[in-house]
Amino acid sequence: MKNSSWHLRASFACVVTGFLVTGCGKGGDKQATAAPPASTVSKPPAGATLAVAGKLLTGNDPNAIRGYLQTVKEIQPSKFEVKWNPATVAVDKDAAMRSLKAISQDGSDYTFDASEPVVATLKPGSILWIWDIAIRRVDSVATTGGVTVIHTSAIPVTQVWTTADIEFHAPVSLPNYYMAYRPHHPPEPKVASAPVAPSPYKFAAARSAESPRFASWVSPLGGNNQNGQGDPESPSNVDDWGEGTPATNGFNGEIKGFEYSLAYGMRTNGVSIILEAKKGDGGGGGGGAGEVAKKLFEIASDNLDVRFKAQADLDNFDVDGVLAVSNGDLDRASAQFKNLNGTVTMHFIGRMGDAGNGTIKLPLADVPVSFSLPIPIGGIPFVVQLGADFNLTLFLAGKNAAMKFDGKYSFDGSGGFTSDANSSKASTTISGGDPAVTGYAGMSPGVSGAVLGIQAPRVGLGIGLLGSSSMAYIDVVNVMTMTNSASVALGMGAPPCKRITYLTIGHVGVETNILPLPFPFIGDAINKKLSTTMPIFKSEKVVLDPPIKACEIN
């Protein structure tokens with residue numbers, strides 16, 4: 001993702017990219033910035049067959065890489081006929097277990113024992129295929145002191161295979177998850193902007209549900225910043241990707257001034273992804289390897305108390321895929337996420353203690369880890385990923401100003417995309433009722449408001465054990481907007497008003513870190529569509545309290 005937006009890069013032409021590109025004080029002590037080797041973190045969860053299940057796989061532990069290769073189970077495809085580019089150098093499973101020493105977090109660098117015979121055949125321009133781990137283009141080869149480092153970049157499958165016909169149906173083994181870092185997106189240069197004063201009746205409206213960029217749904221809030229995080233130059237807005245520690249069932253970290261916890265829990269018939277976050281108070285997230293994922297929503301602060309939680313309960317699901325290449329050109333590609341039945345619950349609390357105003361302007365927080373589920377097919381390292389992201393805009397006016405929101409949304413069905421050389425289209429049978437506002441409360445001496453956006457769940461399909469640079473996905477974006485007018489209402493004797501909006505939007509998209517996009521059949525025109533996305537469903541619930549015309553805030 002990029003900028004302060006969801007960066008959902010999927011137009012009717014672009015959505016296939018992820019499938020085509022391979023690689024595609026109160027908180028305790030400060031957390032360590034370097035994660036320990038995955039093999040020291042925890043035991044695999046019940047029901048797992050993967051040696052690295054439940055662990056953070058950083059690529060710096062050769063024993064963990066070897067354990068992965070020894071235990072990962074191939075998916076039997078319904079069709080698998082491929083003819084590889086003659087430039088391909090195949091490192092089979094045995095050779096990889098003997099010689100592969102390390103993989104960089106972004107999946108671009110591979111360190112081998114230089115004595116392995118196949119390593120000596122690699123050169124710039126080769127296509128490196130490591131069984132069940134990676135398919136990448138070799139950019140450079142460097143050998144020093146008995147080790148060889150291969151630097152690579154992503155390559156479209158239309159250059160990997162001259163001919164391919166692959167079809168598969170894969171039930172996803174949910175206990176076999178491992179944690180992995182997502183590719184890092186450097187922060188954009190900061191652009192100074194003047195503060196915008198808040199208006200009592202025009203707070204951060206979700207102006208266009210079809211807007212291609214999430215950030216355009218969230219209007220900036222102004223006001224004094226005595227206790228807040230609104231300064232774009234402050235350390236709280238630094239992109240501190242990678243800072244955190246693995247937990248026994250997830251990951252704890254800090255990003256842009258917020259402590260967060262992303263947890264993974266097995267259910268009888270599925271999995272729960274739990275994202276919790278709270279405004280940091282300077283104490284750090286605390287903890288070390290092996291601790292459990294934190295329950296941050298239960299931790300209150302005395303002054304500017306901001307915390308939220310989203311839980312996505314997802315039933316067991318399947319993935320269907322099709323890849324067909326003929327004479328180096330794409331014939332068709334499809335990624336379908338089947339039986340995506342789930343429920344999302346959201347909880348938010350914003351509260352002022354001391355007098356003054358509290359402002360939070362949190363741009364998109366790219367949670368730097370995701371849960372990966374391998375589904376390798378014929379040595380091709382397909383990976384399903386589960387993840388979440390969030391952003392927040394909040395303005396609390398006056399002593400003891402407080403806002404609370406609870407919501408719930410259920411969905412079921414299937415969705416994905418199908419593409420050929422001429423077009424791409426989304427398909428979905430996902431349906432669900434209106435999102436429910438299950439509880440709310442608010443008190444504000446002045447005008448207060450909040451917009452909380454959480455992308456949960458995000459279910460993706462890509463290629464590459466670590467650092468998939470492109471990921472086709474389907475998601476549910478949950479946007480909660482709440483406004484609370486001043487306790488002393490202005491004009492016409494109108495009572496204090498509360499307006500709560502819970503908007504849910506599903507997308508098919510592509511998250512990619514590759515520019516320009518290496519497409520043989522789209523060309524430069526695709527670069528003009530990078531900011532577009534493809535909504536596939538939308539539901540909205542609006543609550544007015546009291547339910548009168550005067551409280552219909554725009």
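Reply: **One residue and its contacts**

Leaving out residues up to four places away in sequence, Thr504 touches Tyr409, Pro435, Val477, Asn478, Phe537, Lys538 and Ser539; contact here means heavy atoms within 4.5 Å. The model is a predicted one, in which local features need pLDDT of at least 70 and side-chain atom pairs count only at pLDDT 80 or more, while totals for chains, interfaces and linings use all residues. Residues are numbered from 1 along each chain as its sequence is written, and side-chain values use heavy atoms, with hydrogens and water left out.

Thr504 belongs to strand β29, residues 498-512. Helices (H or I, at least four residues) and strands (E, at least two) are DSSP runs, numbered from the N terminus. With a relative accessible area of 0%, Thr504 is buried. The word buried stands for under 20% relative accessible area, exposed for over 50%, and partly exposed for what lies in between (1.4 Å probe, protein chains only).

**The protein as a whole**

Four helices and 30 strands make up the secondary structure. The protein has 554 residues, and 58% of them count as buried. Its accessible surface is about 20200 Å², and carbon and sulfur atoms account for 53% of that; the areas come from the Shrake-Rupley method with a 1.4 Å probe, and for residues only the protein chains shown count as cover.

**The cores**

In soluble globular proteins, nonpolar side chains tend to be buried together. A nonpolar core is a set of buried Ala, Val, Leu, Ile, Met, Phe, Trp, Tyr and Cys residues joined through side-chain atoms within 4.5 Å. In this protein the largest core holds 92 residues, and Phe317, Phe348, Leu386 and Phe390 have the most contacts inside it. The strand that gives the most to this core is β22 (residues 382-397), with eight residues. Not counting residues up to four places away in sequence, Phe348 touches residues including Phe297, Val306, Phe308, Leu392, Leu394, Met403, Phe405, Leu452 and Met480. Arg307, Lys404 and Ala450 are also among the residues that Phe348 touches. There is a second, separate core of 32 residues; Val52, Ile65, Leu100 and Ala180 are among them.

Ile65 lies in helix α2 (residues 62-71), where Ala64, Gly67, Tyr68 and Leu69 are buried as well. These buried residues of α2 pack against α3 (93-99), β4 (100-103), β11 (178-181) and β21 (369-374).

**A six-stranded sheet**

An open sheet is formed by six strands in the order β2-β10-β17-β18-β24-β25, with antiparallel pairing. The edge strands are β2 (79-84) and β25 (424-428); each has a single partner strand, so one side of each has no neighbour in the sheet. On average, neighbouring strands of the sheet are turned by 15° against each other, direction ignored. Two strands pair if DSSP finds at least two bridges between them.

Within the sheet, strand β17 (residues 318-326) has eight of its nine residues buried, so the rest of the structure largely encloses it. β17 is joined by nine antiparallel bridges to strand β10 (residues 161-171), where Asp165 stands opposite Ala324 of β17. β17 is also joined to β18 by nine bridges, again antiparallel, and Ser326 has Asp329 of β18 as its bridge partner. These two strands form a hairpin with two residues between them, and Asn327 in the turn has a positive phi of about 55°. β18 (residues 329-338) is in turn joined to β24 (residues 415-420) by six antiparallel bridges, with Phe337 paired to Gly415 of β24.

What covers the faces of β13 (residues 250-255)? Six of its six residues are buried, with Gly250, Asn252 and Glu254 on one side and Phe251, Gly253 and Ile255 on the other. Strand β12 (residues 244-247) pairs with β13 in the antiparallel sense over four bridges, and Pro246 has Phe251 as its bridge partner. Two residues link β12 to β13 in a hairpin. β13 pairs with strand β14 (residues 258-267) in the antiparallel sense over six bridges, and Gly253 stands opposite Tyr260 of β14. β13 and β14 also form a hairpin with two residues between them, where Lys256 in the turn has a positive phi of about 55°.

How values were computed:
Axes are lines fitted to C-alpha atoms, for helices over the stretch in contact, and angles run from 0 to 180 degrees between N-to-C directions.
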